[in-house]
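Please open the model in your viewer and keep the selection tool at hand. The stops below take you from one selection to the next.

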Amino acid sequence: RLFAIIAGLIMLIACINYMNLGTARSARRAREVGIRKVAGAGRGVLVKQFLGESVLTSLIAGAFALLIVKISLPGFSKLIDKQLDIPFGNFNFWLAGLGFILFTGLIAGSYPALYLSAYRPVKALKGVLRSAGTLVAPRKVLVVVQFTLAIGFIICTVVIYKQIGFVQNRDTGYNKSELAYVYMKGDMEKNYAMIRNELISSGAITSITRTNSPIHDLWTGSDQYNWQGKTPGTHINFAENMTDKDFTKTMGLPLLSGRDLDIYEYPNDTTSVLLTQTAVKTMGFKQAVGQTIRLDDKELHVVGVVKDFVAGWPYQLPQPIIIRGATKPFGTLSLKLNSGHTDSDNLARISQIVRKYNPDYPFESRFVDDSYAFGFSRDRHIGTFSAVFAGLTIFISCLGLFALSAFMAENRRKEIGIRKVLGATVTAITTLLSKDFLKLVILSFVIASPIAWLLMNDWLKTFPYRISINWWVFGLTGLLSVIIAILTVSYQAIKAAIANPVKSLRSE
């Protein structure tokens, strides 16, 4: 729905451009309108003619668009991780497509058709049209609308990319490098001791641990934990993970105090836990190691405190997590690969050993850094689309600005000729023609900035771990918009300024 709305806004910008281009050509078509009216054509006939031209343009554009979609659809499907096809055999597809094309043509051509058909034949044939100020006023409004949308898209794109980069580059708390995991299936639990010994002996890994879930994910939690000093009747949910041994070593997770869990060296560690920093803060412990907490009727002893780490949704603030010692059940083997060998060699050795003891299941492994990055795929898609939409919007808006500047230069060519004869420089004339357009862009920036801020502020509120919108985002966008506008307008302005005044001032 979001992308459909944005696509609709881009179509609106394109329609506005068509309106601008259609009315900019009004001076050239004025005599045509006058002759047709003198020959007996009513306003309705002229409206139908101009609407027919816009609908024909829309139909041709629709055919090109269908070809572009056909070519780009495989890449688009890959981008969104879904296979899409054009339903050529679906009647409703053609009906909806044709209806949208006709609707676009009518919307784009409505204003030029009404505008051009309103010319009075006497004035049109004499070449006496409306004043330049009156002609430009409606188009100024349309240009402001265009650039307001374009600048808004640019601001939103910058904020989206900053938010994604901010979270992607956050400290996860553990070392993702060379950290892989395998889901436990079949006989892996029963043969774990032999699998573990052979994996370590093979040199493919440096450490291994069994866990309830991969470290970047959370599968279980409970609000039934109690401890001394807890307010009666309160329910605080703690995320959970289980392990048997070497949890901190395998994950590269800093141990801040106490020791790691090891149910083989310390059999009583099945009733021991590690707490994260946030869990310690939540429980209000000044010295966590040695404290006792309860889960239902079971006493658990805190033997260590580890650094907060990112688990679950990557945009989440640090959660209170409890890592418990256990003998079963486990869902994952977490492996720290040997960096002295290539990943492919390590995985080949691991696969051979695991399949030896679990022959009924294929070997499937994943890297934690890949899985963690996958959590950003949806937001990266949004960022990519926003960048594409912003690029399209600014490009289409610049086309409209280019057309409007061409019209202005043509409409004021005699004024420019007189100014040059009186001694005006090329720089002065270029500045004169450009400043009006810069005012429109600056006005668009003033309108777009608060709107974009409100939209992005609401969007950022959906993320607990988020950036703040800095002023430089707006400053950079405003400067970029002005530069783009200057580059777009300057060509026509300079072209008009260096033209020979004799040609513009001579009598027809």
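Begin by selecting Leu56, Leu59, Ile60, Phe64, Leu67, Ile68, Ile71, Leu98 and Leu102, which form a nonpolar patch on the surface with about 870 Å² of accessible area together. Patches are made of residues with over 30% relative accessible area and no salt bridge, with nonpolar side chains (Val, Leu, Ile, Met, Phe, Trp, Tyr) joined within 5 Å and like charges within 9 Å; a salt bridge is a side-chain nitrogen of Lys or Arg within 4 Å of a carboxyl oxygen of Asp or Glu, and accessible areas come from the Shrake-Rupley method with a 1.4 Å probe, with only the protein chains shown counting as cover for residues.

This is a predicted model, in which local features need pLDDT of at least 70 and side-chain atom pairs count only at pLDDT 80 or more, while totals for chains, interfaces and linings use all residues. Residues are numbered from 1 along each chain as its sequence is written, and side-chain values use heavy atoms, with hydrogens and water left out.

Colour helix H3 (43-80) and helix H4 (91-117), each of which supplies at least two residues of the patch; H3 gives the most, with seven residues. Helices (H or I, at least four residues) and strands (E, at least two) are DSSP runs, numbered from the N terminus.

Next, select histidine 216, in the loop between strand E2 (205-211) and strand E3 (220-222). Histidine 216 counts as buried at 12% relative accessibility, where buried means under 20% relative accessible area, exposed over 50%, and partly exposed in between.

Finally, show strand E1 (residues 179-183), which is largely enclosed by the rest of the structure because four of its five residues are buried.

How values were computed
Buried means under 20% relative accessible area, exposed over 50%, partly exposed in between (1.4 Å probe, protein chains only).
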